[in-house]
Amino acid sequence: MKTELLSVDEKALKKAEALLLSGQVVAFPTETVYGLGAWAFSEEGIRHVYEAKGRPSDNPLIVHVAPGMDLHEIAAEIPEKAKELMKRFWPGPLTLILPKTDKVPLRVTGGLSTVAIRMPSHPAAMELISKTGLPIVAPSANTSGRPSPTSARHVMEDLQGKIPLILDGGDCQVGLESTIVDMTEEIPMILRPGAITLAMLEEAVGEVDVDPAVRMAVGLESHVTPKAPGMKYRHYAPKGYLILTDQGPDQTAEWIRQDLKEKEQKIGLIGSDEWISQVRGALGKVPVAAISLGSGSDMDEIGRNLFDGLRESDDEGLERIYGEAFQRKDLGEAIMNRFLKAASERRISEESKQ
Ligand code: TXA
Ligand code: MG
């Protein structure tokens, strides 16, 4: 199959609509990551989504909606707190889990009685959904297991030849997938951290829990099964051996020297500009590749660049990679959740030395 790459305009949107209506898939930009869209009520479209991604069929999809759409077609019940969160954060990087209607195919929800719903804020996503009037299921448009795509080029890398159309809307602003909040219990629960942070949610609706599995990434509670099925899969991992460290530049430089003494290998750093120059400073003349995620004083930028950085470490052929462990605070929670998964939870820190 030939994959067309088109900038978003009237003609491209028409083409996308025709594909969606005929049970095909279309990749499109959102403010978080690129999505691989299909019409939510097309069994054939949904099947194509799973096939193109190579995604396990028990991993449910998010239904994307636009302003003015009738949510009661999708959610059987919308509690007050959910309404409040929609009012505050939609359109935007927030997904809500609600009880599903009979109309939503079980294939969409992986057999669950609940459904994930999100209203993206990216103009192209909004236009696609509004113009067609179709609720659109869209997982991230990557091959299962790879970092989520934050540019049309990333989608091409993974899905060229497997899907008919990619709408190119430039780089994604947020760069990390949406926050997922389960609204089916009295106290809302974060199942996946994202740009809408715990503090922002609590400010809006009071107490909010965090699924213990979210913290699984620090290796503390690995016996816990996550409530979002997708969170249990290996994810984002680069080909090289990635280890996160919060042990300071001198210690990191020391490990790199040791590694190089043991065997010749392509070692790289991935982290903030500041951290990279500190480690390089500590290494002196020992050369080391580095992938910068931006300034450490701008966590939005770090979040935006993380997935691209992980992909780049593959392109550079890095075999052993030291990553900067960021503070798990605000957006840092989402960044570290993804980064630790990419590192298969390998982390060198004070805690892990106990
Ligand atoms: O930002 C995003 O959310 C992006 C863009 C494209 O909108 N989409 C995205 O979709 O990240 P995906 O499929 O890669 O991740 C969806 C996550 C998975 O972990 C899945 O298990 C979880 O949402 N999920 C979907 N429906 C659920 C449900 N009913 N209950 C619990 N978790 C659910
Ligand atoms: Mg995904």
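Okay, a residue is near a molecule if one of its heavy atoms lies within 4 Å of it. With that in mind, 28 residues surround ligand 1, and the closest are T32, N59, H64, S178 and G230. Before I go on: this is a predicted model, where local features need pLDDT of at least 70, side-chain atom pairs count only at pLDDT 80 or more, and totals for chains, interfaces and linings use all residues. Residues are numbered from 1 along each chain as its sequence is written, chains are lettered from A and ligands numbered from 1 in the order in which they are written, and side-chain values use heavy atoms, with hydrogens and water left out.

So, what holds polar atoms against the ligand? For polar contacts I take pairs of N or O atoms within 3.5 Å. S178 puts a polar side-chain atom 2.6 Å from an oxygen atom of ligand 1. For R55, a side-chain N or O atom sits 2.8 Å from a ligand oxygen, and for R118 that distance is 3.0 Å. On its own, ligand 1 exposes 680 Å², and the protein buries 97% of that (Shrake-Rupley areas, 1.4 Å probe).

Next, the sheet. Helices here are DSSP runs of H or I with at least four residues, strands are runs of E with at least two, both numbered from the N terminus, and two strands pair if DSSP finds at least two bridges between them. Five strands make an open, parallel sheet, ordered β14-β13-β15-β12-β16. β14 (289–292) and β16 (347–348) are at the edges with a single partner strand each, so one side of each has no neighbour in the sheet. Strands β13 (267–271) and β15 (320–324) run parallel and are joined by four bridges; L269 has Y322 as its bridge partner in β15. Helix α9 (273–283) packs on this sheet, touching β12 (241–245), β13, β14 and β15, at about 145 degrees to β13. That's an angle between N-to-C directions, on a scale from 0 to 180 degrees, with axes fitted to C-alpha atoms.

Last stop, helix α6 (152–159). How many of its residues are buried? Six of the eight are, buried meaning under 20% relative accessible area with a 1.4 Å probe, protein chains only. They are A152, H154, V155, M156, D158 and L159.

I166 is in strand β8, and it counts as buried because its relative accessibility is 0%. Beyond its neighbours within four places in sequence, its contacts (heavy atoms within 4.5 Å) include A152, V155 and M156.

Key. A polar contact is a pair of N or O atoms within 3.5 Å; within protein, one must be able to donate a hydrogen and the other to accept it, and residues adjacent in sequence count only if both atoms are side-chain atoms. Buried means under 20% relative accessible area, exposed over 50%, partly exposed in between (1.4 Å probe, protein chains only).
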